[in-house]
Amino acid sequence: MNLIHKYKFKDQYIVMDVNSGAVHVVNNIVYDILDYYNEKSTEEIVSLLKNKYNEQEILEAIEDIKYLIDNEMLYTDDSQVTMDMLEGRGAIIKAMCLHVAHDCNMNCKYCFGDKGAFEGIRSLLPLETGKKAIDFLLTHSGTRRNLELDFFGGEPLMNFEVVKELVKYGREAEKQYGKNIRFTITTNGLLLDEDKSNFINENMSNVILSIDGRPEVNDKMRRTVNDKGTYDVIMENYLNFVKKRKGTYYVRGTFTRENLDFSEDVKHLVEKGFKSVSVEPVVTDLSYSYALQDEDKDRIFKEYEKLSDLFLDYHKNGKTFEFFHYNVDLNQGPCVIKRVSGCGAGTEYVAVTPEGDIYPCHQFVGNTDFLIGNVNNDHFENRLYDEFNKAHIYNKEKCNECWAKFYCSGGCHANAYNMNKDIRKPYELGCEMEKKRIECAVGIKAVISCQEEEEQICKNDCENCNL
């Protein structure tokens, strides 16, 4: 299917070719002609637009469009993608979310993990079960050399001695297999003291630090089990941590219906000194007062636009920060399999509980319909592999005609199931928000690219000036 998507961002006219990934900043004539190009003849297009542009301009713009098509940069097809490429990969696991604690020292209102218990009993991962989980990852990773293991919870710092021992064990065990495990950790920050910070900085490739933004926003949702606010404690811990941080990190928040002005939370975190920020929309039962509703869409879109303005303003003034959803690689991006199949939940990615139970991902933990094994058992066969392996964009009806499909990869399976009870039926509001984020991300790059090009032209003119 030959798809394009065109939209206006600031003063830029942007055209995206869906299958090739090419992005074009065009003039207004080309932009208008594309409304008719595949349906009208040249004569008809000239007639339709003659009151707005002269005939020569229209004909030249049509030639520009033909050039892009001939050079496979516009209206390209996706015939290079085959079902064998997508579904014949084999069951190789390359990433694991290891739940080292099904317990938490916070009581967040929107927690999908039942305040850390994940619909079960509160428990901590035993060291021996953790070792078996690492062995499971190593033995089921096939020829894949680089692997990922995320220490997760609940709150993983509540079981930090086990985390330390597992890192040590993993570094030894990986040598026998000729592999490299990339360790990461997600924390709420309450227990992030200097000793833990030092160990994490030395051993974790990436760190997620949970905080929602402004004090009043964070403390409304993220409270301790004794019903106290957490902002002051975790902000101090996080600032001390990132001062020493050698590798990558993100401060990650959640916005709800109670802080639809979430661009202010991003701004607050950036002004506090954090350079890498992610603020995600809550996905929860629509009966909750803080759940996002369809009627919130326009307000949410405006916030993403405000966030774009903030990003561009910072760039203009020589300052930078990263917003996770605005990180789009237009030069190469992920391989076609990743673009089509997404995160790999249930195929390449699994989650393991303190009891050793295996699930397709952390958001399915506790739902026994998705229980696929246990690391304590010698035999493992993923009974849900085919179901998840075939849940790619070509098997999702709503994705087939969507211009954003190669960016979002069909969306989150867990969100689809939780909202629609079907992993092949994407969460609609989530889709709309994702498309808006992609437009903003690509638009930002277009604006910055044009600004840099203009600056270079100006610089060249000055260098060639004889005055």
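This is a predicted model: local features need pLDDT of at least 70, side-chain atom pairs count only at pLDDT 80 or more; totals for chains, interfaces and linings use all residues.
1. Let's start with the rings. The whole structure holds 18 aromatic pairs. One to look at is Phe-151 with Phe-183: the ring centres are 5.6 Å apart and the planes sit at 10 degrees, so this pair is stacked. Phe-151 belongs to strand β7 (residues 146-152) and Phe-183 to strand β8 (residues 180-187), so the pair ties together parts of the chain 32 residues apart in sequence. Phe-151 counts as buried, at 0% relative accessibility, and Phe-183 is buried with a relative accessible area of 0%.

2. Next, have a look at Phe-364 and Tyr-417. Their rings are 6.1 Å apart centre to centre with 55 degrees between the planes, which is a tilted pair. Phe-364 comes from the loop between β14 (357-359) and β15 (373-374), while Tyr-417 sits in helix α16 (residues 413-420), so the pair ties together parts 53 residues apart in sequence. Phe-364 is buried, with a relative accessible area of 2%. Tyr-417 has 15% relative accessibility and, because the cut-off for buried is under 20%, counts as buried too.

3. Staying with α16, Ala-416 is also in this helix and is buried at a relative accessible area of 1%. Leaving out residues up to four places away in sequence, Ala-416 touches Lys-421, Asp-422, Ile-423, Lys-425, Pro-426 and Tyr-427.

4. What do ring pairs link into a cluster? The members are Phe-311, Tyr-314, Phe-321, Phe-323 and Tyr-326. Elsewhere, the charged end of Lys-10 sits over the ring of Phe-9, at 5.4 Å from the centre.

5. Tyr-314 turns up again in a helix contact. Helix α10 (residues 263-271) packs with helix α11 (residues 297-316) at an angle of about 25 degrees, the axes being 9 Å apart. That angle makes α10 roughly parallel to α11. On the α10 side the contact uses Ser-263, Glu-264, Val-266, Lys-267, Val-270 and Glu-271; on the α11 side it uses Glu-303, Lys-306, Leu-307, Leu-310 and Tyr-314. By type, the contact residues of α10 with α11 come out as 5 nonpolar, 1 polar and 5 charged.

6. Now the backbone. Most peptide bonds are trans, and most residues other than glycine have a negative phi. Against that background, the bond from Gly-153 to Gly-154 is cis, with omega near 20 degrees. Gly-154 is in the loop between β7 and α6 (160-177).

7. Glu-72 has phi near 55 degrees, and Ser-409 has phi of about 60 degrees. Are they buried or exposed? Glu-72, in the loop between α3 (55-70) and α4 (83-87), counts as exposed at 62% relative accessibility. Ser-409, in the loop between α15 (405-408) and α16, is buried, with a relative accessible area of 8%.

Technical notes
Residues are numbered from 1 along each chain as its sequence is written. Side-chain values use heavy atoms; hydrogens and water are left out. Rings of Phe, Tyr and Trp (its six-membered ring) pair if their centres lie within 6.5 Å; planes under 30 degrees apart count as stacked, over 60 as edge-to-face and the rest as tilted. Helices (H or I, at least four residues) and strands (E, at least two) are DSSP runs, numbered from the N terminus. Buried means under 20% relative accessible area, exposed over 50%, partly exposed in between (1.4 Å probe, protein chains only). A charge sits over a ring if NZ of Lys or CZ of Arg is within 6 Å of the ring centre and within 35 degrees of the ring normal. Axes are lines fitted to C-alpha atoms, for helices over the stretch in contact, and angles run from 0 to 180 degrees between N-to-C directions. Angles under 35 degrees count as roughly parallel, over 145 as roughly antiparallel, 65 to 115 as roughly perpendicular and the rest as oblique. Contact means heavy atoms within 4.5 Å. Ala, Val, Leu, Ile, Met, Phe, Trp, Tyr, Cys and Pro count as nonpolar, Asp, Glu, Lys and Arg as charged, and the others, Gly among them, as polar.
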